[in-house]
Structures are given as C-alpha cells and as structure tokens.
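Biologist: I have not looked at this one before. Can you walk me through a few parts of it?

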Amino acid sequence: MISIACPPAPHDVLRNVVQDLSRQRFSLSIDILQMVQQTLFSVQTLVQEAMNARSATERLPPEILSHIFSMVPSAHPLAGTTTTVPPVKRTYDLLPLTHVCRRWRNIALSTASLWSTVCETHSAHAASYVIRTRAARTPLTLYVDRPNPSTALTALLASDGGAVTDLRLHGLQEVSAARLASKLLAFPAPHLTHAVVRRRSAPGVMDPERPAGPVVELWGGRAPTLRNLEFHDVPFLPANAFDQLVDLRLSYDSCPIDWTLDDLLGLIQRSPSLRAVHLRGLPSDLHLRQPPKTEPVSLPFLDSFELGNFIGESSPIPLLRLMFSHIIVPPTTSVRVYGISPRSMYYPLDFSLPKELQSELSIDMTFFTLSLSVSDPLSASAFRLELNTGGATKALFEETIRTFLADRASSIREVSISSQRAWSSWCDPVLLLSMLPDATTLEVKDHLLCFQVVEALGQAGNEDDPQDSASALCRNLSHLRLPPLYDDVLKRRLSSTVTERARRGLMMHCAEFESRI
C-alpha cells in the first residue's frame with residue numbers, strides 16, 4: 001500500500017519557525033531580524049483579514065454599512081443659535097472607521113455623502129481640502145468654530161462655494177468685519193439654504209477693519225435659495241434681495257452697528273416670504289439716528305415676530321411703536337416683546353393685529369419677569385409682553401397692566417393668572433378684576449392667589465345696595481377655575497362667594513365648590 005504524506009498544517013510550520021527563531025535570535029543580524037519582523041507583520045495582517053472576512057459585519061451589503069457609518073458622527077453644538085436649521089455632524093468621528101479594515105475604508109471613502117461636512121474647530125481639525133476631496137460632488141456643509149478659518153477653507157469658498165448649501169461660522173475673533181464680508185461671505189452661493197454667522201467680539205473693542213458700508217452685498221449678489229439667515233454681532237446688513245428667505249434672526253451683544261432703521265426695514269422689504277423675524281439687542285435709539293423714509297412693509301406670510309433686550313439707556317417703546325407702524329402683518333401673527341422695563345411703559349404698546357380676535361388674557365408673574373399675553377383661541381394670533389421686574393414697585397406694575405389693557409379690556413373673555421409672588425408685591429386683585437368687566441372665565445393657577453381673588457369676587461361693589469349686580473366685579477363671570485383646595489377657610493369663603501353672587505343673579509360655576517355639594 002502506498003501512503004501519501006499530508007503537508008504539515010500552517011500553524012505547525014509557524015510553530016517550527018518560531019522555535020528556530022527562538023534558538024537563533026541572538027545570532028541573527030539586524031537586517032534579517034527586520035525582514036523577519038516585516039514578514040510576521042504581513043502574516044498577522046493576512047490572518048486578521050481572513051478573520052474579518054468570516055465576521056457577521058463582513059456579510060453586510062455596502063449600502064447597509066454606509067448607512068451605519070452615517071450614524072456614527074455626533075452633532076456639533078449649535079453655539080447659541082436659535083434657528084431651526086438641522087444639526088451639523090462631526091466628520092472627524094469617521095476617521096477611526098477608515099482604519100478598521102480595508103473593506104470598511106473602501107466603503108467609507110467611496111460614500112461621498114459621509115464627507116459632506118467640512119469642519120474646522122481647532123488646529124488639529126482643519127483638513128478642509130482632504131474632506132472636500134472625499135465629498136466629491138456632494139452638496140457641502142461648512143462648519144467653523146475657531147478664531148480664524150484656515151487658508152484652505154478660504155480657498156475652498158472661493159473655488160467651490162457654489163457647492164455649499166449650509167454655512168455655519170462661529171468664533172471668528174480674529175476675523176475683521178471687512179474680511180468677513182469680502183472673503184468669507186463673498187463667494188457666489190446659488191445653492192445656499194442656511195447661513196449662520198455668530199462672531200464672538202470682545203466688549204468695547206473696535207473692529208480694526210470695517211466694511212465699505214453698513215449695507216453690503218454678500219455672496220456675490222447670488223443667494224436665490226437662502227431660507228434661514230442668522231447674524232450675531234455682525235455689524236453690517238446684507239444688501240441682497242432674498243425671495244426665498246423665511247427665517248431672519250439678528251442679535252447683538254457687544255458689536256456696535258452703523259446701519260439705520262431704514263436699512264433694517266429695507267432688508268425686511270427685500271425678503272417678502274418671511275415667516276419668522278427675531279431681533280435681539282437693537283440700540284434703543286435706532287430710530288433717532290435717521291428717521292425712516294421707507295414706506296410700510298407688508299409681510300403677508302409672517303407667523304412669528306420677536307423683539308427684545310434692547311441696548312441703551314433710553315426707552316425702546318418709541319422705537320417699537322415706530323417699527324410696528326411700518327410693518328404690516330396678517331392677523332394670525334404671534335408677536336413677542338421681551339426684556340422691557342416697566343418704567344418704559346408710559347405709552348401703550350400695540351401691533352397691527354385685530355384686538356377683537358384676542359379674547360384670551362394670560363398674566364404670569366415670576367421673581368424676574370411679568371408676562372402679559374393676549375391671544376386668539378382659534379388661531380395663532382398673539383401679543384406677548386415680557387417685562388423685567390428688577391427695581392419695579394407695585395404701583396408701577398399696576399400702571400403697566402392698566403396701560404397694557406387700556407384698549408383691550410372689552411374684548412377679553414378668558415383670563416389666566418399665575419404668580420410666584422403674593423398679590424401684595426405686585427397688584428391689587430380688586431383693581432385687576434375691575435379692569436376685566438366682560439371676562440366670562442377666570443383661572444387662578446396658584447394657591448397663594450386664590451383667597452384674595454375669591455374674596456374680591458364676593459364683595460358688593462355698592463355698599464348701600466348689596467343686591468346691585470351692576471356694580472359687582474366681573475359681573476359676566478360664569479366659570480371660576482382654581483387649583484385643588486385643601487384649606488377649609490378658603491373652601492368656606494368660596495362657598496360664601498358663590499352663594500352671594502347667585503343671590504345677586506350672577507351665576508358662577510366652580511368645580512371646587514360644586515364637588516362639595
């Protein structure tokens with residue numbers, strides 16, 4: 001019988017080689033040892049590649065793997081932005097994936113959409129050219145958060161700015177306003193949809209280079225698809241016409257501005273599709289620099305208009321009244337004015353919204369803010385005024401509420417009151433209720449307010465004739481809503497008030513009272 005010898009197994013061969021090397025290792029030259037080391041590394045790589053090929057992940061199709069890779073990058077912080085633009089991914093989180101195995105690297109590098117975000121956050125993350133090359137023809141998102149963007153990124157904007165759809169520039173402490181306008185925001189942007197520029201300028205430090213004027217043409221005059229624009233501490237305004245712009249946000253903390261109210265109204269006029277306008281930190285004397293000559297601006301699609309935290313010693317109310325008279329909005333707009341001192345409320349503040357639609361009043365007093373809001377329950381129409389409470393007296397709060405309700409009281413039907421403070425620190429409940437003669441529903445949300453409200457509603461307006469219903473507070477009030485009551489004294493007072501009003505023909509329903517019957 002002929003026997004055929006089987007070749008030795010690979011691991012037996014390697015074991016014999018290792019034993020030989022172990023015996024000869026001190027007699028071998030450096031060159032031979034280096035060759036052995038390279039051979040062992042090659043063997044290890046081949047073995048690892050073979051093992052990877054047998055893993056479950058290697059059987060996944062490339063499309064599935066690329067989708068998994070797309071979920072690896074975390075999101076960059078929005079750095080204070082309040083826009084509704086989508087978050088930006090950290091492209092550098094993908095780099096470790098390209099070093100796992102050859103297949104993963106090939107799939108990652110061949111999926112251009114994974115590299116569509118060019119990030120520059122510090123000196124170690126500034127490989128703009130490499131990432132741009134991997135992105136191929138994919139629409140680009142540019143995210144910068146550093147004092148000075150790299151030369152490569154500036155060159156990328158000049159050469160491939162047309163591929164940018166989302167631009168986020170943060171930091172820029174070492175970038176002058178002139179360079180910002182002439183370099184970083186000068187490229188033609190035919191596909192740009194989101195632009196956020198948030199400079200961190202030091203307070204009181206003048207910009208060494210100012211742009212040619214307070215109103216500057218940006219993006220080569222070409223940004224036809226821009227939908228979201230946010231500027232923070234940017235001293236100039238765009239001269240462009242933005243037909244597709246729906247969200248405009250301008251905010252200022254420490255940056256002086258040279259443009260006028262006319263320039264701002266001009267920008268709004270050139271953006272007829274606006275749905276949201278948020279303006280924060282405007283100079284309170286902006287209207288005094290140059291009286292506006294622009295005709296009233298109509299914004300037929302506006303849903304939200306917010307203004308607040310004005311900068312300056314003068315009252316912002318004249319500026320607000322002038323702005324409100326120059327902007328025409330639909331009756332469904334929600335308007336919010338915040339960061340106002342009660343001392344400024346010596347004039348009524350109103351907007352071009354139909355008061356007869358705003359039948360709901362909400363009053364919310366916290367330790368820091370007094371919020372007064374009127375709204376329409378059938379639409380989004382609302383006017384909200386938020387006042388800082390620091391240093392204000394009770395008399396000042398009462399006068400502010402009186403001014404706010406001056407020409408609205410007759411349309412108010414539903415009232416909601418909440419407070420972290422007792423009545424004695426901010427308003428007399430009898431005085432407040434006397435301003436709301438036609439209210440039909442009153443909701444008191446905090447226990448510390450309940451007793452004084454219930455007591456006020458039970459008082460006879462005419463002491464000589466307790467049966468006189470015409471002199472009672474809120475004579476049309478039909479529903480009183482209170483939080484769950486645990487105080488027996490308050491329960492007895494509520495029962496007395498409901499009974500007293502019923503005796504005068506003023507039927508008032510209260511669930512807390514009726515649950516006891």
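Predicted model: local features only at pLDDT ≥ 70, side-chain atom pairs only at ≥ 80, totals over all residues.

Biologist: Start with strand β6. How many of its residues are buried?

Modeller: Five of the five residues in β6 (residues 228-232) are buried, so the strand is largely enclosed by the rest of the structure. Buried means under 20% relative accessible area, with a 1.4 Å probe and protein chains only. Strands are DSSP runs of E, at least two residues, numbered from the N terminus.

Biologist: Which way do the side chains go?

Modeller: Leu229 and Phe231 point one way from β6, and Asn228, Glu230 and His232 point the other way.

Biologist: And which strand has Asp247, the bridge partner of Asn228?

Modeller: Asp247 is in β8. Strand β8 (residues 247-251) pairs with β6 in the parallel sense over five bridges; pairing takes at least two DSSP bridges between two strands. Strand β4 (residues 194-199) also runs parallel to β6, joined by five bridges, and Ala195 stands opposite Leu229.

Biologist: New topic. Ser315: buried or exposed?

Modeller: Buried, because the relative accessible area of Ser315 is 13%. Ser315 is in the loop between β11 (304-308) and α10 (317-326).

Biologist: What about Ser284?

Modeller: Ser284 is 31 residues from Ser315 along the chain, with their C-alpha atoms 6.4 Å apart.

Key: Residues numbered from 1 in each chain as written. Heavy atoms only, no water. Buried < 20%, exposed > 50% of the residue type's maximum accessible area, 1.4 Å probe, protein only. Helix = DSSP H or I, 4+ residues; strand = E, 2+ residues; numbered from the N terminus.
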